[in-house]
Amino acid sequence: MLSSLLRYSQPAHIAKVSLLFNKRLVLPIFIIVLLAFETARPIVLGALSDAFFQVSVFVAATLLIYYFLVDKIPQLNLNYLSAKSPILEIIMASILGALPGCGGAIIVVTQFTKKQASFASVVAVLTATMGDAAFLLLAKEPLTAVIIITMGVGVGIASGVAVHLIHKPDFCVPQRVNKVEEEALHVSRAFSVSRKVWKLCLLPSLVIALAIAFNFDMAPFENIIIWLGAILCLFAVSVWALSSKGVSYKDITCEEGECDPPSKLTRVLQDTHFVTAWVVASFLLYELSTAYLGLDLAMWFKDYAIYAPLVAILVGLLPGCGPQIVVTTLYLQGVVPFSALAANAVANDGDALFPAIALAPRAALFATFYSAVPAFIVGYGLFYFSLE
């Protein structure tokens, strides 16, 4: 599979495309090196599989649905809503953020970097999102999940409106062409392989991902699922790495209806591969730190109960959904109080923070701060005015 990617990543009429100086190759090479160590292999395989089935599949599916709906219903486009009323845009962003998973939040962040959404909508969506932890909560305690999600929408709208009154819509928008747009101009033929693989694997992968998210018993197929997810995840990261530099899109002959501008599927895969790479890096960092540095969040919450909402907020500020899933799991196990869960849900920016950091780091910093303020109010409000 990797040899096919290398073959397709360079058009025949372009002779000089060097992979030796491609910094993105560090990630897949690092993963392969880790897999060579027997002690690290189970951790890496688990992290890769989790990244694929907990994030990549849902991001790809959400983006496909969104692009389809926007084509059919232009009124759902944030640009359109903003022209009608900034409040409508903020409400729509909060609703997208409330969708289980991180796909809705990633859509808004991506549109912001393309100057198609306001900074207020970014704050609203990041405040409203609970990320992949929402699936776990829906499966175990659906009523609690509905309460948290509804609260997130309300707090997201309030935060977005407040930020709209403080900042202009284009606050912190990157001035240069963002990496997502640059990728559209440097689509390599690795995507020829990638499109075929995703068309074949997306639907069955989505079925598996939903089964895992809703806590169905997958134990009989555990090893198969881990290896399948790890292989597909490594494939996505490899495509991302190999397509970072290439020929200009105008130099590629249109094939299979794939002409300028890129198709919806190509745009979906560009964003999905990009997010997958960042998520994999985060998952590996977290899992390896837990395994080799003894990171124990459960002990923190038990020893310092009064600081539980604050710790949950600090965990929520970490990019990615892995730590947030840990907090939700600890809540379901009775380790952390509801106030900490609520604080984490509001502070949690999920995997959408990865593209925000990469494409608009200043906006990511401000948005993270703005989501932390209501998280502190909600967390400690519930802590002091409840029976916890």
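Is Cys201 buried or exposed, and what is its relative accessible area? In this predicted model, Cys201 is buried, with a relative accessible area of 18%; the cut-off for burial is under 20%. Cys233 is buried as well, and its relative accessible area is 0%. A disulfide is a covalent bond between the sulfur atoms of two cysteines. The structure holds 0 disulfides.

Leaving aside residues up to four places away in sequence, Ser205 touches Phe52, Phe53, Val57 and Leu232.

Attention now turns to a pair of helices further along the chain. Two packed helices are described by the angle between their axes and the distance between the axes. For helix H15 (residues 308-316) and helix H17 (residues 338-347), the axes come within 8 Å and cross at roughly 25°. Because angles under 35 degrees count as roughly parallel, H15 is roughly parallel to H17. The crossing of the two helices is right-handed. On the H15 side, the contact is made by Ala308, Pro309, Ala312, Ile313, Val315 and Gly316, which meet Ser339, Ala340, Ala343, Asn344 and Ala347 of H17.

How much of H17 is buried? The helix is mostly covered, with 9 of its 10 residues buried. These are Ser339, Ala340, Leu341, Ala342, Ala343, Asn344, Ala345, Val346 and Ala347. H15 is one of the elements that cover the buried residues of H17. The cover also includes helix H7 (119-128), helix H8 (133-140), helix H9 (142-166), helix H16 (322-332) and helix H19 (361-384).

H16, itself part of the cover over H17, is mostly covered too: 8 of its 11 residues are buried. The buried set consists of Gly322, Pro323, Gln324, Ile325, Val327, Thr328, Leu330 and Tyr331. After H16 comes Gly334, a residue with a positive phi, near 80°.

How values were computed
Residues are numbered from 1 along each chain as its sequence is written. This is a predicted model: local features need pLDDT of at least 70, side-chain atom pairs count only at pLDDT 80 or more; totals for chains, interfaces and linings use all residues. Side-chain values use heavy atoms; hydrogens and water are left out. Axes are lines fitted to C-alpha atoms, for helices over the stretch in contact, and angles run from 0 to 180 degrees between N-to-C directions. Helices (H or I, at least four residues) and strands (E, at least two) are DSSP runs, numbered from the N terminus. Angles under 35 degrees count as roughly parallel, over 145 as roughly antiparallel, 65 to 115 as roughly perpendicular and the rest as oblique. A crossing is left-handed if the near helix is turned anticlockwise from the far one by less than a right angle, and right-handed if clockwise. Contact means heavy atoms within 4.5 Å. A disulfide is a pair of cysteine sulfur atoms within 2.5 Å. Buried means under 20% relative accessible area, exposed over 50%, partly exposed in between (1.4 Å probe, protein chains only).
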